[in-house]
Amino acid sequence: MIKKIFSFTFILIFLIFSCSSDNDDSSSEVWEQKSEMLTNWADNFIIPSHSTLLNNLVYLEGAGNSFTNLPNQQNLDSLRTVFINAYMSWQYVEMFDIGPAEESYYKSKMNIYPTTISRIEINIQNENTDFNNSNNYSAQGFPALDYLLYGIETSDELIISKYNTDSKYLSYLSEIINQMLQNTYPIVEEWESYRNSFISSVENTATSSVNKMTNDFIYYYEKGFRANKFGIPAGVFSGGALPEKVEAYYNKNISKALALESFQAIKNFYNGNGGVSLRQYISEVSTAEYSELSTDILDLFNIAENLINGLDDNFYNQILTNNVQVLEAYDAIQQGTILLKTDMLSVLQIPTDYVDADGD
Amino acid sequence: MNMNSKIISYINSNTNSSPLAVFRIGFGLMMLYSILRFWNKGWIYTLYIEPKFHFKYYGFNWIKDLGDYTYIIFVICIISSIFITIGYKYRLSMVLFFLSFTYIELIDKTTYLNHYYFISTLSFLMIFLPANAYFSIDNILRKKSYKEIPKWSIDCIKLLLSIVYFYSGLAKINSDWLFNAMPLKLWLPSKYDIPLIGETFMQQEWVHYFMSWGGMFYDISIPFLLLYKKTRIIGFILVIFFHLFTGVLFPIGMFPYIMIVGSLIFFDYSVHEKIIKWIKKIIEPIRRRIIIYNNIKEEKIIIKKKKIIMSIISVFFVIQLFLPFRYLLYPSELFWSEEGYRFSWRVMLVEKIGYTTFKIKSNKNESYFYVNNEEFLTSFQEKQMSFQPDFILEYAHFLGDYYTSKGYLDVEVYADSYVSLNGRSNKRFVNSEVDLYKEKESFKNKKWIIPIDDEIKGF
């Protein structure tokens, strides 16, 4: 009898499952929309951002070579210019900590700040170039370059003379630039093959592209953008301001520009730039209560951006002179975090990272 | 016959012992598999050993994880479930299983699931039932077996299962579940990746309502369908279908299979005798080597310390019947503040997501800083903490103690907390002006929870 019950049930289940397939013609909309979104992300965001960065790093290498051959003011100026360009384009890449980038700790090797000066100096003296050692993550990449181009001495003249007198500095400089290229090449290359598996991973699981990328996006907004660029230097997590923790601390004048560039990258990604992205996807699935959510998020972004625009170009100065303004900008950014991490995740039903356990 | 004599004759009435024997075997095997699966997934480490801090049930602070030795508790669980399956030193094994399993659950309430609570209560109950009366190693050792056992010993399990179903059905009679199809309206469309039904059925609003109402009627009626002989087969088919279906939809692990196997207890003993015959056939090669089993005498069972056992079981069921209603003692909205929410068979009722950060003030001055939760909590703990008030309070105290021990003076802890419940826009959850480090955990209403400002009607 038990056997009969089981077979009857399975027939029942089978009937229900198979009926449903020819019942409805609105099928595969969700699936298609998601794969459209992933394609948009890969083809119009991730891949082009990486190639722009790669191009800028190639320029950086060229300018670096000129400077190594002849360390003078003119070559230093042009090296600094391409450094800033490359750093700007990095802001469009950092959030894509997925696939080949995640596997190679790309983000950590490129932009951990503040950079560890003592480590850099030790590396220079010992001519150590073991950049895969995680202790050296904060002694390479953009923040290390920032130090080497602006911070090793108090004036341009002294910086240039230091490079002229100590060739170890020059070789570390070119080694770091070379390393940034070496880190970026394989990622650009691997994306060519990774793209297909990325855009085909449409299902709703902890490791699918939709879920991982959405989590990466939120993580970048919360940590890479909100905390690193504003919260930490403004002292939100420490009780007292730590202005020396701003991005591009040694350059001093581009911290705001980098932050705005990063915000632009965030907004572009959210908006989809003409293609399907989170914004369209939210308005598609949202319930009555959440009908305004996709524009609410954008409104909060704009409020925050206005407050950032009102800050000094130099966050270091801004924090020293009037940190309240930075904290206000931080609070506005924080409003976005709340919306992304509660309402957006609730609507999208995307579980947060790596929670692996049974449910009720 | 008056009431009293009816009760006495019920207590003294006997029934065939095979259903309880089959239940024992099913229970043991299910537990064995569940724990091996848990181990194999690496959850012993990630859930119990890795976290620096555990969220404790009120009054159970003294239960600690044993570091790397935590595995030993699981080994006890495994060995005792093997012994339960074969019916070897049954009562001792059942006690060990109950204690080890419950100990594990008490280490950290982050992992609380109604399913685990069900296992704990069921294993407690089973300590007092003669589940080794028949078809067990204990029979061979004692050279005695019992064809009949008291009727109440099987009815106990039926009653517990009925409570689980019926109460979880009652809990579904609320305005969010029935009239807004929440949270199924959020959950089902996200199952677009299930073959065939994912992109069709799961996207339809009527399906969300149908499944909400259907789920409620199912839970409420299933005990009755299983109890009456005429509807039992239909009931069991529904049990299989419902549990397999929810097993496909939601990440609920072993629970569907445990309930399907458990529901077999409602069938007549003839079914169970067939099952035992079938098991005997499988283990025939082993059985043939054990010669002595021929010498087992069938005897009439005498339950020792019957009065004590009966009173323990009575108290157990009185608690089971009333505990789920304790939420009535709290003025707050149950789904929002979760005061009296656990241990009440409220399954799948809420989609809750929170974002909670903590502000530390010290030295009575205006300067403050925010805590990075990642420093102390695993992502699973942070997720659970963010929308449950007792977690928030406990973590606030942990932070207060931590920073005090770091040399900060007059530490104050404030929570910045936002929660979204069943598709409502996020609202501030905790009064951010209240120093949580000064609030004490208790069974009293937590006044620092900001009311939801909305009413969810129903049970």
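Which element gives the most to the lining of the largest cavity? In this predicted model, the answer is α2(B), with five residues.

The largest cavity has a volume of about 250 Å³. Its lining comprises 21 residues. Closest to the centre are D358(A), S34(B), F38(B), F101(B) and Y116(B). Several helices of chain B take part. At least two lining residues come from each of α2 (18–40), α3 (43–49), α5 (90–107), α6 (114–127) and α13 (255–263) of chain B. By class, the lining of the largest cavity holds 15 nonpolar, three polar and three charged residues. Both domain 1 (15–149 + 268–303) and domain 2 (153–266) of chain B give residues to this lining, so the largest cavity lies between them.

The second largest cavity has a volume of about 80 Å³. F23(B), G26(B), F27(B), M30(B), M31(B), F118(B), L122(B), L161(B), I258(B), V261(B) and G262(B) line it. Two or more of these residues come from each of α2, α6 and α13 of chain B. Here α2(B) supplies the largest share, five residues. Nine residues of the lining are nonpolar and two are polar. No charged residue is present in the lining of the second largest cavity.

Methods: Residues numbered from 1 in each chain as written. Chains lettered and ligands numbered in written order. Predicted model: local features only at pLDDT ≥ 70, side-chain atom pairs only at ≥ 80, totals over all residues. Heavy atoms only, no water. 1 Å grid on protein atoms, 1.4 Å probe; cavity = no way out; pocket = protein on both sides within 12 Å on 5 of 7 lines; lining within 4 Å. Points joined across faces, edges and corners; volume = space filled by probe spheres on them. Helix = DSSP H or I, 4+ residues; strand = E, 2+ residues; numbered from the N terminus. Nonpolar A, V, L, I, M, F, W, Y, C, P; charged D, E, K, R; others polar. Domains from an automatic or database assignment.
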